[in-house]
Amino acid sequence: MTKPIQDSRSRPAGLSSRFTGAHYLRDSLAFLGCAMAFLAAGLVIGENYVFHILILICIWSAVIAGWDLLIGYAGVFNYAQLVFFAVGAYGSAMLSVSGGLPALAAIPLAAGIGGLFGALIAIPSARLKGEYVALFTFAVHLALPSILQQTRGLGTGGSTGILGLPPISLFSQTFYAIDKQAWFLMALIVAVICIYLIYFVVLRSRFGLALLAMRDAPAFSEALGVNGRRYQIAAFAISAAITAFAGAFYAHYTAVVTPRILGTEFFLMAMVMLAIGGMGRFPGALLGVCVVVIGNEVLRSFDSYRLFALGLIVIGSVIFLPHGLGGVLRRFGKKDSPRA
Amino acid sequence: MLEVDRINVSYGDFHVLHDVSLKVEKGEMVAVLGANGHGKSTLLKALCGLLPIQNGTVRYEGSDITRLASTELVQRGLVYVAEDRRLFRDMTVLDNLMLGAFNTRAWKCREKTLDQVFALYPRLEERRHQLCRHLSGGEAQMVALGRGLMSKPHLLVIDEPSLGLAPNLTAQMMETIHDLNRAGMTILLVEQNAALLTGHISRSYVIEEGVIAEGDLSAFGELQ
Amino acid sequence: MNIVEILISGTTQGAVYCVIAMGLSLVYGTSRILNFAHGALYTLGGYIAWFLMYGGPGLSFGLAFVVSLPLLFCIGVALEAGIIRPLRRHANWQINAIMVTLGLAFVIENGLQLLFGPKTKTIPAFIEGGVSIGGTTVSLYKIALVGISVLLVVLLELFLARTRAGKSVQAVSQDLQAAAQVGINVNRVFGLALGLSVVLTGAAGILLAPVFQISPTGGWSPFLKAFVIVVFGGLGSTRGAMLAAFILAFLEAIVVASVGPGWAMPAWLIVLMIVLMTRPKGLLGVWEN
């Protein structure tokens, strides 16, 4: 039986000692080791279809890490993460297709635009609490396709999107999408950098600690006042820039950008990843990415039921695994785990 | 009437009450004394089903109520009056009192109980159509106690009745509570102002850092 | 479009928005849950009525409407008990509630698509014809729509203000702990509120089916509009929501008439941003957000 009165403050996860600087080197090495194992596994299998799936895992990892930073660690209920992804993809597409920039210049520029856009969304959000942020950001997400439709004249391509993005050229060599192995290597580098930046640089800094403290003790964030708001805006900008970077990279990989990236499927996928992986419980979210990307491929034969099933999985995992795989891992990790 | 046997209560990771035991006999007026932040309110809320009890047992009128929700407890006559009044601020005095009689046992005789409450506090009858947000501290406390009485309590649990009241009102409030006790109602209350209780209570406990001991008023005086 | 048309369109839309927004506000007010599936449940209402009329039982519009309401109520109560209540045990229940209701929205949307296909469905209006007001023809159906919507809103207000159960809903939304203290079963109130909310949004979905068509994904725009209305009116204030519903419906009618229907949704979003930046507690807001 449950007693009805509960603390109404939301507290996604306890402040973990993992993020107070202890074992920094050990954890970094463990992470790089995992990345190397991932690389080795990919190269050993060496099949184009497998490369494609691994590339998707890498790109999604960067996006979800960015989302986890906001929703899991900063406690900001942001649902505009795919908007940042779309801003990166569209930004890079417009810069390279209409602007004629090479992919290598367009991608970081698009990431910058994404960061600015993130800050722009953060300014109203930082003044709001909980669900208001969720709704405001989700409203931005829902409105973006119709805005893209209305701004066709600016080169967004309306519902058809933008076709023919240039491939990435590096050292006078051009990597076409067909060269899966090269794209796998690049995607892995992108993912490793993004994940390392978020979980090891940002979250283990003083800034990261301030975010955690603000999430766990709302009174503290009020005490921080203006600074607290600045921290949140900065977190938004970082998360958005990284996500936009991933979006831009993805756009050049697929060579097309359509409003489909704002559709139900992508959004649900991202939600399932976080729901299964667990928010604010590194490396839970990344495990969620692997499980969902692979599971999604397995489920491809049940195409019409896939989205329905994904929705059910979100509900099921939130109810039965309220802290996701990350929570499960942690429970096995130490015997004296905090109460579920 | 109420037997509390070694209960433990935590807020999140913060363990507030350690093996707290106490007893209230029918017809008694028992006080729990203690300074702020030592777990008095937590104890009362846990007893009244507003906070979960981790372990230990609470028996009331002969049955185990440790895991029962407040709805069931109010139905059985275990009624809590909060220290911060907890009125429905955007409702009238009358609505607040009527909601006190929400449980089906009290609902049947709500008009009669209302007359009794108005007899006790004629002030409330005058102000019955007033929104509670516009009441003074003293009036708000009257509504809080009146709402508790509307629930037809067998055991009335009162959290710091003197909190936020002007000094001349606190003595009066304690007198009212004592009158209720003389009329046969069992009462458990917490207070940090021990001096107020002199001459009113049957027995007292002292709670310090979540640990309880039976004691008398003078002992508490020494602690302070 | 002339001024009369704007007035008429604003009134009809405003009345229906009222119904949808009050449902959303009711659930947020009592259980502090922003129900992301509110729009999907609106769609579900339309499909239930369509099914009752054409899918099997072959009921008339009126009968289908009346039969749908208790069905919708049960769905709301079951959802609260089945997927919302288990969340409250955990400290992070608010974010989980958002996740779960969003997941539910997608389940309903895709479930409907699986059952009924992606094509839109229509329900014909139960009354034909129109009357002329100031040179513009107004369909009788729209007038009936306003009438039924107003009736629903009045019934809800009476329920909340006059009945014991309604008082307990108000009590929970004003002070959860106090409600528990006086012996109100707050879980039951949460269920009741979600049940009523689903009835309201589902009823709106049925009533609007003859005007717009029913499609599995059609719920997002009413949901977003309802949210903007609730924020603009002030979360927790039903009067504020009513006022905001009409103001925004007229604004929408003006935007549609002057710059075109494609800008309706962006206009709502802009209003939302302005409200959040300038007066986050809304017109008649009870709570600071």
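**A walk through the chains**

Author: Happy to! Chain A has 13 helices and four strands, where helices (H or I, at least four residues) and strands (E, at least two) are DSSP runs numbered from the N terminus. This is a predicted model, so local features need pLDDT of at least 70 and side-chain atom pairs count only at pLDDT 80 or more, while totals for chains, interfaces and linings use all residues. Residues are numbered from 1 along each chain as its sequence is written, chains are lettered from A and ligands numbered from 1 in the order in which they are written, and side-chain values use heavy atoms, with hydrogens and water left out.

Reader: What radius of gyration does chain C have?

Author: The value is 19 Å, which agrees with the figure near 19 Å for a compact globule of 289 residues. The radius is taken over C-alpha atoms, and the globule rule is 2.2 Å times the number of residues to the power 0.38. The C-alpha atoms of chain C fill a box of roughly 60 × 50 × 35 Å along the principal axes.

Reader: Switching topic: how many residues of chains A and C are in contact with each other?

Author: On the chain A side there are 49, and they are in contact with 51 residues of chain C; contact means heavy atoms within 4.5 Å. The two chains bury about 4,700 Å² between them, and carbon and sulfur atoms give 76% of that. Buried area is the accessible area (1.4 Å probe) that two parts lose on being put together, summed over both.

Reader: Nice. What about chain B: why is helix α3 called largely enclosed?

Author: Because seven of the eight residues of α3(B), residues 93-100, are buried. Among them are V93(B), D95(B) and L97(B). The buried residues of α3(B) pack against α4 (104-107), α5 (110-120), α6 (122-126) and α7 (137-150) of chain B, together with α6 (164-174) of chain C.

Reader: I clicked on V16(B). Is that one buried or exposed?

Author: V16(B) counts as buried because its relative accessibility is 11%. You'll find V16(B) in strand β2 of chain B, residues 14-24. Leaving aside neighbours within four places in sequence, V16(B) is in contact with several residues, including V9(B), G39(B) and E209(B). The C-alpha atoms of V16(B) and E209(B) are 7.5 Å apart, although 193 residues separate the two along the chain.

Reader: Last one! Where is T170(B), and what does it touch?

Author: T170(B) is in helix α8 of chain B, residues 167-182. This threonine is buried too, with a relative accessible area of 11%. Not counting residues up to four places away in sequence, T170(B) touches S162(B), L165(B) and L196(B).

Key. Buried means under 20% relative accessible area, exposed over 50%, partly exposed in between (1.4 Å probe, protein chains only).
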